[in-house]
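Follow the chain through this structure step by step.

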Amino acid sequence: MPAGMAMGAVVAAGLLPHRPATAGVLLLHAIADLPAKVREGLPIQLHAADPDDFAPPAALPGWLDAATQSGADARVFTYPGAGHFYTDSSLPDHHEETATLTWQRILAFLAVQPSG
């Protein structure tokens, strides 16, 4: 399962054409362009601060529409008031409650994806 944080989101999305049977995709702290076509129903989660320059609120509806048009089952989670790297406890952006909620959602997402 490709997963990427910030600039790594672009790398994770870039793997999709080479891994068509991937179980799911996690994108944290940034949006990334997806291929025009992915496996029908491919689960994708995007987690981002709101606002975040790397996942601009104005760009999220278009990203979600493009993900859906590609065949993905995409979900976007935004976290108002959190800083860009809110999941990293070593950085000033860290937001404990929001990070905990994000990791809970990610663990639930991983629990329902088939292992490969």
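Asp-50 stands opposite Pro-80 in strand β4. Strands β3 (residues 43–50) and β4 (residues 73–80) run parallel and are joined by eight bridges; two strands pair if DSSP finds at least two bridges between them. Strands (E, at least two residues) and helices (H or I, at least four) are DSSP runs, numbered from the N terminus. From β3 the chain passes through helix α2 (residues 60–69) to β4, a β-α-β crossover that is right-handed: with the strands pointing away from the viewer, the path from the first strand over the helix to the second runs clockwise.

This is a predicted model, in which local features need pLDDT of at least 70 and side-chain atom pairs count only at pLDDT 80 or more, while totals for chains, interfaces and linings use all residues. Residues are numbered from 1 along each chain as its sequence is written, and side-chain values use heavy atoms, without hydrogens and water.

Buried means under 20% relative accessible area, exposed over 50% and partly exposed in between, with a 1.4 Å probe and protein chains only.

Tyr-79 and Tyr-86 are both buried.
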